[in-house]
Every structure is written in structure tokens, then in C-alpha cells.
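Trainee: I am new to this structure and would like to learn how to read it. Could you take me through it?

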Amino acid sequence: MLAIALWIAISFIVLALAMNIYRLAIGPDIPDRLLALDTMYVNAIALIVIAGMWLNTKTYFEAAMLIAMLGFVSTMAICRYLLRGDIIE
Amino acid sequence: MTLPFFAELIVSVLLVLGGLFAFTGSLGMLQFKDFFMRLHSPTKGTTLGIGCILIASMTYFTVSQREPHVQELLITLFLFITAPVTGHMLAKTGLHMHLRFIAGTRGSLPEFMDEDVGQNRVANPGRPKPPGGLKSRHKQLLRNRGR
């Protein structure tokens, strides 16, 4: 049962990533693309956590934590650049 | 690797729910009509989905290794704190860049400071008086969307 649930979750998240890439390609404005990137890193964290459960290791937890922190910081930096024209004034 | 039945049931249900919510969030981001509508689904649906998946992972490792494994709670807390902040900043960016929104949007723009909406502020950015009624304005906006 767990293997089937893992497969279902992986396929849903891969489909979500494909839709994010499509929005990243067609997004009419810059904030649309930024929103697509923001969603992509959250989905990547989900994929990494599922890979950790699939391989039965705890090693991938640190990778997920790093992606969470760097994704938030980079989204904030790009937002600030678009709002102010500068990141650190 | 083998779990008790109830733990396996809980983990499986949480995994499928999480995948479904993440899928719904991205589907909304693909399907909605303007940026401010598109902002809703990733900040709510995807955050809930990743919360479900992290709780599933936490339960799985706690039961299978027979010791408490709560490090995933860190990621969950971090994501649940940062997702509203990201949504707020993205909405501010969209207002600042005068993105168009569909004509059926209700309510009026609240009063923003000049530094929020930029220098050359327009009174009602997305909604000038439509010449041929709201429907044709909506169609025109939809046509102009993929420029």
C-alpha cells in the first residue's frame, strides 16, 4: 500500500512540476514567472522528501532544509529587486 | 521497512492527499486568469500539500526507526511561516508593476502609498470605463494576455 501511495504522490508532484514549467515558459509578466519558480521549489522539497521515504534514508532532510531556506531568500531578493531596483540599499 | 497497518494507512493517506493538494495548487496557477488570482492557489494549496507530505514522512520515520524523528517539523514550520510573506511580497510586486486584472474584479483598490504602487500611479489600473460593456473588455484583456 505504501509503495502505491508513493507512486501516486510522485506522479502528482511531477505533473505539478510540469505545469509549473509551462507557466514559467508562457507567463506573461515577470511576477508570474517568479510565482512559478516559487512553487517549483516547494514541489522540489516534496519530491526530495518522498525520495527520502522511498530510499529509507534520513540523508535528504538537510537538502530539503537548504532548498527551503535558499528558495525563500532568493524569492525575497528578486521581489525586492523588482520593487526597489536594488537588493541592499 | 514493514510498518504496522494503521501507520501505513495514515502515511499512505497523507501522501496521496499531499500530492493531490500540490497538484491542485499548480493546476490553479496554470488555469486562473490574472496574476492576482494565480497568487492564491500556490500559497494555499501547495503549502498544505507540502505540510501533508512532511507529516507523512515524520510519521513514517518515527514508526519505522522506533525513535522520535521531528526534524521535518522544522521544514514545515519554516514553510508555513514564509509562504504568507512570499505571497505578500509577490502581491506588492504585482501592484507595483501595474499588472492587469480581469474586469470582473469586485471592490476598489485600497489606498496605497506612492512607494507601494510606484511613481506614475494610475487611478484604477485594470479597469477603465469599457466602451462596449464589461464582457468585451474581459475578452479584450484575455486576448492581450499572451503578448
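Mentor: Welcome! This is a predicted model, where local features need pLDDT of at least 70, side-chain atom pairs count only at pLDDT 80 or more, and totals for chains, interfaces and linings use all residues. Residues are numbered from 1 along each chain as its sequence is written, chains are lettered from A and ligands numbered from 1 in the order in which they are written, and side-chain values use heavy atoms, with hydrogens and water left out.

Trainee: How many residues of chain A are in contact with chain B?

Mentor: Contact means heavy atoms within 4.5 Å. On the chain B side, 51 residues take part, and on the chain A side the number is 47.

Trainee: Which helix of chain A gives the largest share of the side that touches chain B?

Mentor: Helices here are DSSP runs (H or I, at least four residues), numbered from the N terminus. Helix 1 (2-26), helix 2 (30-55) and helix 3 (60-84) of chain A each supply at least two residues of that side. The largest share, 17 residues, comes from helix 2 of chain A.

Trainee: Which residue of chain B forms a salt bridge with A:Asp32?

Mentor: A salt bridge is a side-chain nitrogen of Lys or Arg within 4 Å of a carboxyl oxygen of Asp or Glu. The rule finds 2 of them across the interface of chain A and chain B. In the one with A:Asp32, the closest N and O atoms are 2.3 Å apart, and the partner is B:Arg38.

Trainee: Why does that pair join two chains?

Mentor: Look at where each residue sits. B:Arg38 lies in helix 2 (residues 35-38) of chain B and A:Asp32 in helix 2 of chain A, so the pair joins two chains.

Trainee: Which helix gives the largest share of the lining of the second largest cavity?

Mentor: On a 1 Å grid over the protein atoms alone, a cavity is a set of points where a 1.4 Å probe fits but cannot get out, and lining residues have an atom within 4 Å of a point. Of its 13 lining residues, the closest to its centre are A:Asp38, A:Val42, B:Pro42, B:Thr47 and B:Ala83. The largest share of the lining, 5 residues, comes from helix 3 of chain B.

Definitions and conventions:
1 Å grid on protein atoms, 1.4 Å probe; cavity = no way out; pocket = protein on both sides within 12 Å on 5 of 7 lines; lining within 4 Å.
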